[in-house]
Every structure is written in structure tokens, then in C-alpha cells.
Amino acid sequence: MCAMTHPASPELDPELYLPRMASVVAVESMTAREKFFKVELSKPLGHRPGQFVMLSLLGIGEAPISISCGPRHDNILEMVIRNAGSLTRVLHRLQPGARVGIRGPFGSGFHLDDFNGKDVVCIVGGLGLAPLRSLIQPIIAQPQRFGSITIISGCRTPAEELYRDELESWSRMDQDKVSVIRLVDKTANLPWNGKIGLVTAPIPDLKINPARTLVALCGPPVMYKFVLMELKALGIPNSQIFVDLERRMKCGVGQCGHCQINHVYCCQEGPVFRFDRIENLQEALQ
Amino acid sequence: MSIKGGDSVRAFIIRKNAVSDWIKHLARKNSVSFPQRAGHSGFRFKPVLETSEIQFEHYRPTLAPPGKQLTPAREVLFKYRKNATADPMLESVLDSQARVLAGVRPCDLKAIDLMDRVNREGFSNPHYLTRRENTVIIAHDCLQPCDAACFCAATGSLHWRANADVFLTSLDDEILVECLSERGIALAQGDHFTLCENTEPHKKRAEALRTQPFGRQFPVPLEQLPAIIAKQWQSRVWEKHVEHCFSCGSCNMVCPTCYCFNVVDDFNLADGDSGTRTSTWDGCMLPNFSEVAGGHNFRPHPAARQRHRVKRKFEYLSQRFQEPGFCIGCGRCARQCTAQIDIFSIVSDLVSQGENDPCVP
Ligand SMILES: Cc1cc2nc3c(=O)[nH]c(=O)nc-3n(C[C@H](O)[C@H](O)[C@H](O)COP(=O)(O)OP(=O)(O)OC[C@H]3O[C@@H](n4cnc5c(N)ncnc54)[C@H](O)[C@@H]3O)c2cc1C
Ligand code: SF4
Ligand code: SF4
Ligand code: FES
């Protein structure tokens with residue numbers, strides 16, 4: 001398979017950059033800019049929530065994309081892809097049956113055992129729901145293992161909301177276990193059955209016990225500062241907050257240098273960080 | 001020939017005028033690069049030919065450091081060919097050609113050692129390591145600084161020996177040849193070589209010839225720099241030295257310890273079915289280096305990028321790899337910079353101005 005005569009060392013993986021091929025099994029439009037992709041690999045991905053893959057099309061390019069489904073035993077991988085540029089534009093044209101390349105899973109992700117017996121608050125802005133769904137799904141599926149879960153999900157207008165059906169069905173579950181707060185900045189004259197405001201607005205009114213609550217955040221860079229201020233006011237220590245950060249990433253394996261936040265490599269130690277471990281890291285949240 | 005019991009170094013003396021013959025002899029059987037004059041612009045590592053001028057002492061550091069031969073500007077990671085009925089054929093491309101890098105100075109030797117660590121720790125980089133495994137290094141001591149730009153003694157590079165296979169020291173009209181590995185011993189063969197039982201007198205002689213102090217020195221020892229620079233986030237120094245910067249990234253491209261890359265796909269226009277995925281050098285001084293989708297840029301200002309570059313060399317990678325300096329003091333970045341921005345001056349200013357002085361956005 002590889003044109004190598006003298007392997008440098010036995011443990012070296014000569015195929016570090018070779019993607020595995022996977023089949024697109026479903027593509028659904030979610031909003032004007034985002035599509036939902038379900039792909040089937042030749043074996044289970046074996047990921048943790050919050051990890052990402054490097055998704056590629058041969059001859060077009062490769063990009064980091066969050067895994068949007070919880071850990072699973074089958075060969076399925078779910079992703080939400082925003083049409084943002086040259087690769088993602090072509091991805092949006094794919095039909096079921098198309099072949100894509102996958103490397104990974106990469107990154108730290110969440111360790112579900114950290115969440116055992118805890119109440120969980122997920123705060124997401126826009127596309128941030130895509131990665132955090134990989135955490136929400138397993139928590140909702142095992143109510144006896146975890147405490148309650150609160151999901152605060154915000155986007156600009158109703159037209160941009162992702163996973164609406166799922167958010168609505170989660171909101172109809174046992175109120176003591178699952179609560180969902182859906183917000184938009186403005187309704188833009190569209191029908192809307194949620195609230196209006198920023199994701200920071202409901203935080204002060206959360207009925208939580210700070211001692212047994214873990215918070216996970218994912219959203220655009222501007223969101224973190226304000227949400228973190230509100231969480232501080234609620235008395236949640238930084239060691240109980242997880243942030244999922246975005247950086248430019250070209251390799252996913254700690255080699256290309258693009259994702260560096262000071263001495264930290266976001267693709268290796270992140271993209272999910274326990275906040276107390278990066279609170280003094282300059283440039284982390286700006 | 002074999003190594004004497006328990007002795008890992010085998011040393012020889014060779015006459016200076018025989019070195020050129022020896023290198024050319026090696027080049028008849030191997031791919032050997034040596035720094036050679038290139039136009040008016042200085043020296044480059046180029047393949048050794050029968051006509052090449054081989055001289056060890058008098059060359060300014062090459063435009064591109066020798067270590068870049070281990071990570072070419074364009075590195076094909078894999079080739080693919082699509083297939084109408086089955087999965088595409090993917091072929092990882094690893095270059096295992098044997099090569100000799102000769103005429104490597106101690107600073108560049110240290111840089112290669114650092115790059116070995118970068119590419120080996122964590123996920124190891126098969127492309128780099130395959131090439132590295134098949135590369136033998138003939139290095140040589142510097143007894144005078146190359147020019148006014150270098151500061152290798154200040155960065156702890158001048159006495160680097162660790163990863164050389166053969167290490168040469170010039171002594172008047174002879175050269176001390178120390179073979180530091182089995183592969184090095186295999187290279188030092190022939191009538192030119194006289195066994196040297198005791199290298200100490202020769203090394204003492206070389207030390208007496210070495211310029212003292214050797215080139216520019218920082219105001220404090222290297223080991224103290226990471227802690228000092230770690231305190232400087234909002235220093236006025238970042239703005240001061242970036243005033244005339246073009247954000248051209250030349251300083252990154254010529255640096256032996258800059259290794260960031262971009263990844264691009266190319267497809268063959270003639271058939272549309274085959275192509276490559278390639279890594280290409282990238283630089284953190286280039287404006288869009290850390291821009292993400294949606295246009296957010298984590299280091300939009302040149303001063304923030306300069307800060308990242310300098311901190312990377314003296315703080316971030318130092319912390320990550322427990323190695324005080326990732327700048328090896330070769331002076332290439334300053335030599336190539338149109339705006340004459342010199343990392344030595346930036347660091348010296350950071351040390352002397354010390355206190356935080358808010359100004360960088
Ligand atoms: C850990 C992580 C998880 C992500 N998860 C998702 C996800 O679930 N869904 C999704 O739609 N997007 C996700 N992204 C963003 C996605 O990677 C970019 O939108 C994608 O790289 C754009 O590629 P393109 O070729 O289509 O755009 P390009 O034409 O390359 O560029 C368009 C824009 O994207 C930026 N960009 C280019 N390359 C990268 C890169 N490697 N990383 C980040 N930004 C880049 C450019 O600066 C430009 O602003 C994630 C990014 C990261 C780092
Ligand atoms: S070479 Fe000089 S001008 Fe170019 S980016 Fe580096 S410091 Fe700026
Ligand atoms: S930062 Fe400049 S002086 Fe230091 S190693 Fe790189 S090119 Fe050489
Ligand atoms: S994505 Fe390349 S180093 Fe992190």
C-alpha cells in the first residue's frame with residue numbers, strides 16, 4: 001500500500017494522513033446554511049462525546065468537523081455541516097451513496113464518567129448544538145446514571161435553529177430530568193414557540209445546586225465571555241465548566257501548528273477544555 | 001573497522017585539503033548535500049558534484065536551513081486514484097532515499113534534534129521520520145561566529161553534538177573527525193584517515209582558537225528567558241518591533257524550528273480522477289494563519305502574531321518540550337527580513353524593559 005522501503009520504526013503509522021472511506025447514507029437540509037449528514041464507516045468510530053473527525057473529499061480538501069452523535073455501537077457517524085467555503089460547499093451537493101474520507105476521532109472530548117450523578121447544563125449558541133448533542137444524547141438516554149439536564153440553546157432567528165424536532169421532543173420529557181430553553185435574538189417575523197433573548201438571559205434564574213452541577217459551553221467566540229460571567233455569578237467554580245473551543249485546524253494530530261493557543265494544542269488537549277485549566281491562557285477566549 | 005570496547009567515539013585526523021576529495025568520494029555513491037555558493041545571495045545546501053567547491057569554514061548560514069530537506073516546502077502526504085466501481089486507491093508517500101547532509105553547523109544540528117522531538121512525540125510524523133531515519137549528518141564546529149546576525153552561543157547551540165553522525169573540528173591545516181554513530185564510522189573510510197587515539201589535545205587546541213565571547217549574548221542566561229518572557233503579554237516591545245513588519249512570513253519560512261504547515265488537495269486536470277494531498281509550509285506571521293470559518297481571527301494584529309512567534313521560540317515550545325530555547329540563534333530571520341526585524345533585539349528588549357506596559361490590543 002505504501003511506497004516505503006525502510007520503515008523508520010516499527011510503531012510508526014505510515015498512514016497517519018490517509019483517510020478511511022465512508023458512505024453518505026443520508027443528507028437532510030436543516031437550515032439555509034446547514035445540512036445534517038449521516039455516514040457509515042466500515043467499523044465503529046469508537047469516539048467520546050465532544051471529539052471531532054477530519055472529513056475530506058479527495059481532490060477538494062479536508063476540514064475538522066464535530067461528531068454530532070453520542071457514542072454508538074454501530075458504524076454510523078452523524079455531523080452537521082455549514083456551507084462555509086470551498087470544501088463544505090461541495091459537501092452540500094453530495095447525495096446518499098457518495099464516498100467521503102474520515103480520519104479520527106481526534107481531541108480530548110468529554111469523559112462521561114465525570115458526569116455520573118451530576119446535574120448538567122448545556123449552553124449552546126448556533127452551530128454549537130452540533131457537537132454538544134454528542135453529550136446530550138447519552139445523558140438523556142441514561143437518566144438513572146446522571147442527574148438532570150438543562151439545555152439552553154440560542155440562535156439568531158427561528159430559521160437558524162438546528163435539531164428543532166429533537167429539542168421539542170426533549171422538552172416534552174420528564175420535567176424533573178430534562179428542561180429545554182430555546183431562544184432567538186429576534187423572530188424576524190417567523191413563527192416561534194420559544195423565548196426571545198440571548199443565551200445569557202435565562203442563566204440567573206436557573207434552579208441549580210452549584211456543588212453538583214457541571215456546565216458545558218459551545219458557541220461562537222463572542223458568547224463565552226458573557227456566559228462565563230453569568231456562571232460565575234451563580235457560584236459555579238471554573239473546574240465544573242467545560243468549554244468547547246474552535247481553532248483553525250489542518251492536521252488534527254498536533255503537527256501543523258494552526259490550532260495552537262499559547263503552548264496548548266487545541267486539537268490534542270482540546271477542543272473541549274475544563275475551564276480552570278485554561279482560564280489564564282491568553283487568547284483562549286478572544 | 002569496529003568500535004573499540006566500550007568506546008562509542010572513533011576519531012581520526014584528516015588533512016584539510018583531503019576533505020573535499022572525501023566528500024566528493026561519498027557523493028559518488030550517495031546523495032550528499034553541502035552548502036555551496038548560490039548566486040550573490042549566499043549559500044545553499046545543494047547536491048555535491050565533481051565540480052563543487054567544498055570548504056567547511058567560510059560560509060554564512062544558508063538561506064534555507066539543512067533541516068528543511070527533511071520537510072520539503074511541498075510534501076505529498078498521499079496520492080489517490082479514483083475508481084468507478086470500488087474505493088479509491090490511496091497510497092501514502094514516504095521518501096526513504098538515503099542521503100547525507102554534510103557541512104551542518106552546530107546550530108542547525110540542534111534544530112534538527114528539536115525537530116526530531118517535535119515529529120516523534122505525540123503522534124509521530126511518518127513522513128519526517130522516514131526521511132530522517134535515512135539521513136546521515138556530517139556536522140562541523142564553528143570557531144568564529146558566521147556574521148553579526150548570529151547568536152548561537154546565547155541560545156545554547158554552539159556546543160551541540162548530540163545527533164551528528166560525524167563531527168568535524170578544523171585545526172589549522174588538519175581536521176579532527178569524530179564518528180559518533182555506527183553510520184558515521186561507515187562514512188569515515190579510506191586512506192585519508194589516520195586514527196586518533198586521544199582527541200583531548202586537539203579539542204583543547206580548537207577551544208583556544210575559538211572567538212571569545214562568541215557572538216551576541218543575551219543579558220541573562222537562556223534558562224531564565226522562558227520565565228521572563230512568560231510575564232510579557234502586554235509589553236510595549238511587541239508594538240515597537242512590529243512597526244515596519246510586512247507580515248510576509250519570510251522569517252517563518254527560513255527558520256529551522258518553524259514547522260507549521262497547511263494542507264492542500266490537488267487533482268490531475270487531465271483525468272480528474274487522480275491527485276494528491278500535500279502539506280505546504282505555512283507561517284504564523286501570515287495574517288490569516290489563525291482565522292476560522294465566519295472570519296474570526298484569533299491574532300488579527302501583526303504585534304499579536306509577532307508575540308506568538310517569539311513566545312513560541314522562547315516560551316511555548318520550551319514549556320511543551322522542556323527545552324529552554326527553540327530559537328537556535330542562526331540569525332536567518334533577521335538576515336532575511338526586509339524590515340530588519342531581529343528576534344535577538346526583541347528578546348533583549350523584553351529582558352531589559354521588563355515590566356508590563358499595556359499597549360498591545
Ligand atoms: C474542532 C472543530 C470542529 C468543527 N465542527 C464543525 C461542525 O461540526 N460543522 C461545521 O460546519 N463546521 C465545523 N467546524 C468549522 C469547519 O472546520 C470549517 O467551516 C471548515 O474548515 C471550512 O472549510 P471549507 O473548505 O469549506 O472553507 P474554506 O474555503 O477553507 O474557508 C472558509 C472559512 O473557513 C476558515 N477555515 C478554513 N480552514 C479551516 C480549518 N481547518 N479550521 C477552521 N476554520 C477554517 C477560513 O479561514 C475561512 O474563513 C469545526 C472546526 C473545528 C476546529
Ligand atoms: S520577515 Fe520581517 S517583515 Fe516579514 S513577517 Fe517576518 S518580521 Fe515581518
Ligand atoms: S527564530 Fe530566527 S534566529 Fe531563531 S532559529 Fe528561527 S530563524 Fe534562527
Ligand atoms: S490541528 Fe494541526 S496542530 Fe492542531
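Predicted model: local features only at pLDDT ≥ 70, side-chain atom pairs only at ≥ 80, totals over all residues.
Visitor: Why is the pair Arg72(A) and Glu78(A) called a salt bridge?
Guide: The closest N and O atoms of Arg72(A) and Glu78(A) are 3.5 Å apart, and the cut-off is within 4 Å, so the pair counts.

Visitor: What makes Glu78(A) buried or exposed?
Guide: Its relative accessibility is 5%, and buried means under 20%, so Glu78(A) is buried. Arg72(A) has a relative accessible area of 28%. That value lies between 20% and 50%, so Arg72(A) is partly exposed.

Visitor: What makes Glu168(A) and Arg182(A) a salt bridge?
Guide: Their closest N and O atoms are 3.7 Å apart, which is within 4 Å, so this pair qualifies too. Glu168(A) sits in helix 3 of chain A and Arg182(A) in strand 9 of chain A, 14 residues apart. Arg182(A) has 8% relative accessibility, under the 20% limit, so Arg182(A) is buried.

Visitor: How do you know that Arg299(B) and Glu283(A) meet in a salt bridge?
Guide: The N to O distance is 3.1 Å, and the limit is 4 Å, so they do. The pair crosses between chains, and both Arg299(B) and Glu283(A) are buried.

Terms used
Residues numbered from 1 in each chain as written. Chains lettered and ligands numbered in written order. Heavy atoms only, no water. Salt bridge = Lys/Arg side-chain N within 4 Å of Asp/Glu carboxyl O. Buried < 20%, exposed > 50% of the residue type's maximum accessible area, 1.4 Å probe, protein only. Helix = DSSP H or I, 4+ residues; strand = E, 2+ residues; numbered from the N terminus.
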